[in-house]
Amino acid sequence: MTSLGWPSPRRRPKRRGLSALRVISRHRQSGEGMLHIKTEVDIAASPNRVWHALVDFTRYPEWNPFIAVRGTPGAGLDIDWSFGSYGRKRLWTPALITAHEEPRRLTWEFGVGRLFDLEEAYTVEAVHGGTLLRHSFTCGGVIAALGKPLLGRRLKAVLSAADSGLQRHLSVPARVGAASKSLSRRSSTRAPSTNRTRRRRR
């Protein structure tokens, strides 16, 4: 079991494809035991910049402290999803991208039989001065039904940590101007010492 309470996949199961996705969809339609957690965060960056950060899976370690993703973004494509701490051995589970609507919505799903299934979704919306990012987990299965209170608190913490990390990652402007001024000051301070050296040699 992982720290979130769902089974840890010890072996990589076969790719599930659309047949397994239909099973998850039927389970969701029933609404039994479903757990839905969502957050919203304002980010001082354009929707396109936020979108590119979400689909650049290789750079998730720079802002997402718990979730890692491997694969190529695209609707209907298989990816690998992992929850854990960086610097430790990770366990991966196959997932399926169910929505890839650039630059508005990104969603993937995975499941462990009828025990547990999870959908993670990002919705990007342009607002005045930046972007409103909606982030959510929707869970079903026996584990979600039995462990709603504890699982809900932990998933909310995971969402909040990822949102804050992405907000910091995209809201810090590049200090190009400051770096140029610093370099200019260094060059100007070095020039007089060179001139004094030349005078001494003469």
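In this report, a patch is made of residues with over 30% relative accessible area and no salt bridge, and nonpolar side chains are joined into one patch within 5 Å. The model described here is predicted.

**A nonpolar surface patch**

Leu115, Val142 and Leu146 make up a nonpolar patch on the surface, and their accessible area together is about 300 Å². Valine 142 belongs to helix α3, which covers residues 142-146. With a relative accessibility of 42%, valine 142 counts as partly exposed.

**Overall composition**

The protein contains 5 helices and 7 strands. Along the sequence, these elements follow the pattern α-β-α-β-β-β-β-β-β-α-α-α. The protein has 202 residues, of which 40% count as buried. When contacts between residues at least 6 apart in sequence are considered, 57% of them join residues at least 24 apart.

| Strand pair | Bridges | Facing residues |
|---|---|---|
| β1 and β7 | 9 bridges | aspartate 42 and leucine 132 |
| β5 and β6 | 8 bridges | arginine 105 and threonine 123 |
| β6 and β7 | 11 bridges | leucine 118 and cysteine 139 |

Two hairpins occur within this part of the sheet. β5 and β6 form a hairpin with 3 residues between them, and glycine 113 in its turn has a positive phi of about 55 degrees. β6 and β7 form a hairpin with 2 residues between them, where glycine 129 in the turn has a positive phi of about 90 degrees. Most residues other than glycine have a negative phi, and most peptide bonds are trans.

A cis peptide bond is found between glutamate 102 and proline 103, with omega at about -10 degrees. Proline 103 is located in the loop between β4 and β5.

**Helices and the sheet**

In helix α2 (residues 47-55), the buried residues are Val50, Trp51, Ala53, Leu54 and Val55. Which elements cover the buried residues of α2? The cover includes β1, β4 (92-101), β5 (105-112), β6 (116-127), β7 and α4 (148-171).

**Charged pairs**

Side chains of opposite charge can pair when their charged atoms come close. The whole structure holds 5 salt bridges. One of these links glutamate 40 to arginine 134, with the closest N and O atoms 3.0 Å apart. Glutamate 40 is in strand β1 (residues 35-43) and arginine 134 is in strand β7 (residues 130-140), so this pair ties together parts that are 94 residues apart in sequence. Is glutamate 40 buried or exposed? Its relative accessibility is 54%, and glutamate 40 therefore counts as exposed. Arginine 134, at 31% relative accessibility, counts as partly exposed.

Arginine 134 also forms a salt bridge with glutamate 125, in which the closest N and O atoms are 2.6 Å apart. Through shared partners, salt bridges join Glu40, Glu125 and Arg134 into one network. Glutamate 125 has a relative accessibility of 33% and counts as partly exposed.

A further salt bridge brings together the side chains of arginine 59 and glutamate 62, at 2.8 Å from N to O. Arginine 59 counts as partly exposed at 39% relative accessibility, and glutamate 62 counts as partly exposed at 46%.

Terms used: Residues numbered from 1 in each chain as written. Predicted model: local features only at pLDDT ≥ 70, side-chain atom pairs only at ≥ 80, totals over all residues. Heavy atoms only, no water. Patch = residues over 30% accessible without salt bridge, like charges linked within 9 Å, V, L, I, M, F, W, Y side chains within 5 Å. Areas by Shrake-Rupley, 256 points an atom, 1.4 Å probe, with all protein chains shown as cover. Salt bridge = Lys/Arg side-chain N within 4 Å of Asp/Glu carboxyl O. Helix = DSSP H or I, 4+ residues; strand = E, 2+ residues; numbered from the N terminus. Buried < 20%, exposed > 50% of the residue type's maximum accessible area, 1.4 Å probe, protein only. Contact = heavy atoms within 4.5 Å. Pairing = 2+ DSSP bridges.
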